[in-house]
Structure formats: C-alpha cells, structure tokens
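Please keep the sequence and the model in view while reading.

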Amino acid sequence: MKNIKYIVILLSGIFAINSCDTKDLDLTNPNELSPETYFKTEAQVQASVNAAYAHLQTRGLYGRHIFFSLDNMSQENKGNPQLEGNKRPFLNFTFDASNDIIQYYWESCFLGISRANFVLDNEATIKALPVSVLSVEKKNKFLGEAHFLRAYYYFLLVNRWGDLPIYTKQTIVGAARSPKADVYKLIIEDFDFASKNLLADSAEQNGRATKEAAFAYLGKVLLYQKRYDEALAAFNKVTGYSLESNFYNNFMDETEHGPESIFEIEYDEKLGTGDKWGSDTGGTGSAEATFRGQEYGNLGWYNVYPHDNLLDEYESGDKRFAETFYVPGSVYNKGASVMTASNFSTSEGNRRAGWKKYQNYYKRTDENQDSSINFKVMRYSDVLLMKAECENQRTGGSQAAAIAYIKQVRDRAGLTTSIAANKDAVFKAIVHERKVELAGEQVRFDDIMRWGLASTELAGTGFVAGKHELWPIPNRETSSNPNIGPNNPNW
C-alpha cells in the first residue's frame with residue numbers, strides 16, 4: 001500500500017519545500033505554512049521533515065539517473081543503439097565533469113542535505129514545543145529522520161566523490177572539501193543518532209525511516225570502513241524481518257513494504273506526475289513516478305539490456321533468474337501473454353534477455369513513463385549477506401555462521417549450499433550471491449570498489465585505476481564554488 005505523497009509548498013523567499021501527505025494520516029493544509037507560523041504544530045514540523053525526502057524522487061536520483069549510472073558502471077547493463085549520449089559514457093567510463101547526470105546527482109543530494117539541515121537548524125524550537133502539541137517521542141523521531149536523511153544523502157555522495165564539503169547548516173554554498181574520513185564520521189554520527197531516536201518499523205508509517213533502517217545503514221557504513229565487529233553489532237539489531245517467500249514480491253507495486261523491506265524510495269503515479277520532466281534536482285513538483293520501467297523495459301524504450309556476464313553468473317536451477325529477467329517464453333500480463341524472440345529485437349539483433357525487476361509487465365502489456373514501483377534500497381537479504389561478510393572478515397569470526405546466513409538467501413532461490421568453511425571460499429560465495437541476489441539494485445559497483453576487484457571485474461571496459469573509482473566534481477560546482485579545491489585525481 002502506498003503511503004507517501006510529495007507536493008509543493010513555497011515558503012516566501014526561503015526555499016521551495018516538498019511536503020508529504022499520506023493516505024493514512026490527515027495533515028493540515030501545508031499551503032497554510034509560512035515562515036511566521038513555522039514549527040508551531042505537529043503538521044508543520046512533519047512537513048519540514050517530509051521535504052527532505054523529496055530529493056530522493058528526483059530524476060537526478062531514483063527518478064531516472066542513478067540506476068543508469070551505477071548499473072552501467074558495474075557492467076550489469078549493456079546499451080542498445082538508442083541509449084542516450086549522457087548515459088552511454090557510464091558503460092565505458094568516458095564521462096567527464098560536464099555530464100549532466102553527475103551534476104544532477106550532486107545537486108539532488110546537497111539540496112536534500114539542505115532540507116534536512118533546515119529541520120536540524122530549528123531543533124531548539126521543535127524541542128521547545130509543548131508536549132500537548134508534540135510529544136517528546138515524536139520530537140525525537142522527527143529529528144531522527146532529519147539525521148537519517150542527511151546521512152543517507154552523504155553516503156550516496158561519499159561513494160561517488162570521496163572528499164566533500166560538509167554542511168551542517170541549511171546554507172550549502174561555498175565550503176571547501178573535507179577529508180573522506182570526516183564525511184564518514186558525520187554519516188556514522190547521524191545514523192547512530194537516528195538509530196536511538198527513530199520509531200521501530202512496527203510503530204512507524206510506511207515510507208519513513210525507522211530504527212531498523214538506521215541500524216542497517218549504520219552497519220553498511222561501518223562495513224564499508226572494514227569495522228566488521230561494529231558493523232555486525234549494528235546488523236544484529238535489525239530484527240523483525242524475514243525473506244519474502246516469493247523473491248519477485250520485492251519488485252512489484254502491490255507487495256511493497258513486505259517482510260523483507262527495510263527502506264524504500266516511494267512512488268505512486270496516481271498521486272501526480274506532472275513535474276517528472278522538471279525534477280532533475282529540485283524536488284519541488286509532483287514527480288510521483290520513476291522512469292525505471294520505461295527505460296529498461298524490453299517492450300518499452302529498451303535502452304539497456306542485461307549483460308551476458310551477469311546472465312551467465314546464475315547457477316542452473318536458480319529461481320532468481322526467471323524473477324530477475326524476461327527471456328523468450330516468459331509469461332507476462334497476468335499470465336495472458338508470452339514473450340517471443342521479437343520482443344527482444346533491436347537494430348543490432350536479438351538480445352538474450354530484458355530486465356524483469358521493477359517492470360510492470362507482470363500486470364500489463366506495456367510500460368509508460370510513469371511507474372509506481374518503489375525502490376527497495378535496503379532489503380533483509382542484503383543485511384544477511386553483509387552479516388555473512390562481517391563474520392567472514394572479522395578477527396575471530398565464524399565461517400560456519402557466515403555460511404548459515406548465505407544459506408538462507410540460497411534456500412529461497414531453490415539452491416543447495418556447499419561452501420568450504422574457509423575465508424577465501426566464503427568470500428567468493430558472498431561475491432557471487434551479492435551479484436545475483438542484488439542485480440540491478442545499484443549496489444554492485446560499490447561492492448567492486450570496496451573489494452578492490454576492478455582489475456578483474458571491469459577489465460576491458462575503459463575503467464582506469466586511480467581515476468574512475470571516483471567521479472569528477474561537476475563543472476557547475478567548480479565554477480561557482482571558489483573554495484572547492486582541486487578535482488579528484490586524474491580529472
């Protein structure tokens with residue numbers, strides 16, 4: 001069930017802010033808010049928090065560009081002839097600082113950070129509200145959401161750029177870059193605060209950050225820092241979840257917020273899509289749809305298709321293959337239609353497969369520009385595989401425990417598990433499982449980078465070691481911020 005809607009509020013001369021209304025919660029009219037009356041009611045506090053979510057929906061992030069850039073760099077995709085010129089360079093690492101996808105990613109994240117900081121700048125005012133207006137629990141949880149979202153945006157940024165300007169106030173102009181270690185320190189502090197103040201999943205509205213989501217991301221950040229014991233301790237606090245019995249439930253409209261879902265980016269085309277083409281960075285219009293279905297759909301624009309290397313990674317009998325990809329003979333449209341070879345035809349010939357994850361073909365005959373399917377950006381299977389990695393890598397860890405976590409994921413896929421109980425064998429199994437379990441979910445490139453596997457996994461793609469681990473700072477930032485300093489190495 002859908003729960004979040006983003007709509008526009010203009011605060012006279014301050015900034016454009018997106019509120020979210022919901023189907024389950026009545027709010028006062030957000031257009032009644034003004035700088036003079038702000039932070040006087042629960043609805044106003046909530047509206048300011050909701051604004052920080054909106055930039056996740058932009059075309060610069062999950063509306064359109066993030067899945068192209070990361071799936072293309074990881075070589076999970078190959079490009080069909082019609083793939084647009086700003087997206088193709090991520091396949092062969094020929095992008096540069098002028099690429100608008102890089103610019104929109106940067107700006108969407110920093111504008112989201114500004115929205116989160118607007119809430120945190122007013123922490124004293126929020127805390128001073130009488131408990132008759134806003135309970136202590138809700139004050140803490142709203143502040144926790146702001147900390148969570150700031151950390152989430154910075155995590156998206158630090159993986160692409162490393163050293164970054166650190167903004168802890170609403171203004172996001174003119175700062176110099178701080179070392180990556182300092183950025184991670186802020187991210188960890190924010191997720192830690194969120195984990196102590198957010199509501200549990202069972203008590204929170206769908207679509208909002210929860211205590212468990214904060215622990216999951218805290219663990220992920222610590223894992224990326226190779227702080228395995230601390231990461232495992234955080235992951236062990238992600239409780240109350242289980243794997244979906246049907247893997248494909250994770251990627252359909254009607255089964256969102258299921259037992260495996262820890263954090264989702266919300267979309268609902270019924271709530272308004274009029275600003276989708278104008279939502280590169282701003283989050284200031286009605287953009288309640290993602291282009292993911294149309295862009296990847298083999299009956300839609302079919303701009304990309306699954307790389308042979310990815311298709312070949314699946315073992316015989318792995319149920320996930322048929323739930324991740326369409327191939328000739330696949331059934332769709334509620335079982336009434338069958339894919340044929342011609343459905344995978346391009347001017348360069350037929351393709352082996354098309355993407356099924358996040359496609360709407362399961363219930364209809366075609367795609368369009370409006371898809372309501374949420375992005376599950378943190379699933380319990382991901383947590384299980386990260387726990388396995390922690391156990392395998394930490395001093396005194398248990399390979400047997402790691403294998404048990406991997407086995408849970410493989411059992412659902414209908415596969416037997418036979419892994420030698422040594423560190424190298426378990427690591428190899430984790431690399432494989434993450435590749436097939438999380439295909440097309442924008443995690444593999446970061447996995448390749450943090451594991452140091454680029455020389456093998458990206459060989460022959462145009463990837464240059466010492467350069468392409470990071471993106472260049474976009475031209476618009478370097479031209480407008482005199483303090484930003486030198487660009488990343490070799491850019």
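The model is predicted, so local features need pLDDT of at least 70 and side-chain atom pairs count only at pLDDT 80 or more, while totals for chains, interfaces and linings use all residues. Residues are numbered from 1 along each chain as its sequence is written, and side-chain values use heavy atoms, with hydrogens and water left out. Helices (H or I, at least four residues) and strands (E, at least two) are DSSP runs, numbered from the N terminus.

**Pockets**

- On a 1 Å grid over the protein atoms alone, a pocket is an open set of points with protein on both sides within 12 Å along at least five of seven lines, and lining residues have an atom within 4 Å of a point.
- Grid points are joined across faces, edges and corners, and a volume is the space filled by probe spheres set on the points.
- The largest pocket has a volume of about 350 Å³.
- Its lining comprises 17 residues, and the closest to the centre are Asn159, Lys180, Tyr184, Met449 and Leu470.
- At least two lining residues of the largest pocket come from each of helix H6 (136-161), helix H7 (180-197) and helix H16 (444-451).
- Seven nonpolar, four polar and six charged residues make up the lining of the largest pocket; Ala, Val, Leu, Ile, Met, Phe, Trp, Tyr, Cys and Pro count as nonpolar, Asp, Glu, Lys and Arg as charged, and the others, Gly among them, as polar.
- The second largest pocket holds about 260 Å³ of space.
- Of the 15 residues lining the second largest pocket, Trp106, Glu107, Ile172, Val173 and Glu477 lie nearest its centre.
- Helix H4 (100-121) and helix H18 (475-480) each supply at least two residues of that lining, and H4 gives the most, with five residues.
- The lining of the second largest pocket has seven nonpolar, five polar and three charged residues.

**Cavities**

- A cavity is a set of grid points where a 1.4 Å probe fits but cannot get out.
- By this rule there are four cavities of 30 Å³ or more, and the largest cavity has a volume of about 270 Å³.
- The largest cavity is lined by 24 residues, with Tyr62, Lys220, Val377, Gln442 and Val443 nearest its centre.
- Helix H2 (65-73), H6, helix H8 (211-224) and E14 each supply at least two residues of the lining of the largest cavity.
- That lining has 15 nonpolar, two polar and seven charged residues.

**The nonpolar core**

- A nonpolar core is a set of buried Ala, Val, Leu, Ile, Met, Phe, Trp, Tyr and Cys residues joined through side-chain atoms within 4.5 Å, where buried means under 20% relative accessible area (1.4 Å probe, protein chains only).
- In soluble globular proteins, nonpolar side chains tend to be buried together.
- The largest nonpolar core has 137 residues, and those with the most contacts inside it are Tyr62, Phe148, Tyr154, Ile187 and Phe263.
- H6 gives the most to this core, with 14 residues.

**Enclosed elements**

- Strand E14 (residues 375-379) is largely enclosed by the rest of the structure, because five of its five residues are buried.
- Strand E6 (residues 261-265) pairs with E14 in the antiparallel sense over four bridges, pairing being assigned if DSSP finds at least two bridges between two strands.
- Phe263 stands opposite Met378 in E14.
- Helix H2 is also largely enclosed by the rest of the structure, because nine of its nine residues are buried.
- Just after H2, Gln75 takes a positive phi of about 65 degrees.

**Individual buried residues**

- His65, in helix H2, is buried, with a relative accessible area of 2%.
- Apart from neighbours within four places in sequence, His65 is in contact with Arg59, Gly60, Asn86, Lys87, Ile101, Tyr104 and Asp280.
- Asp382 belongs to helix H13 (residues 380-393) and is buried, with a relative accessible area of 2%.
- Beyond its neighbours within four places in sequence, Asp382 is in contact with Lys220, Arg434 and Leu438.
- Tyr38, in the loop between strand E2 (15-21) and helix H1 (42-53), is buried, with a relative accessible area of 7%.

Note on methods: Buried means under 20% relative accessible area, exposed over 50%, partly exposed in between (1.4 Å probe, protein chains only). Contact means heavy atoms within 4.5 Å.
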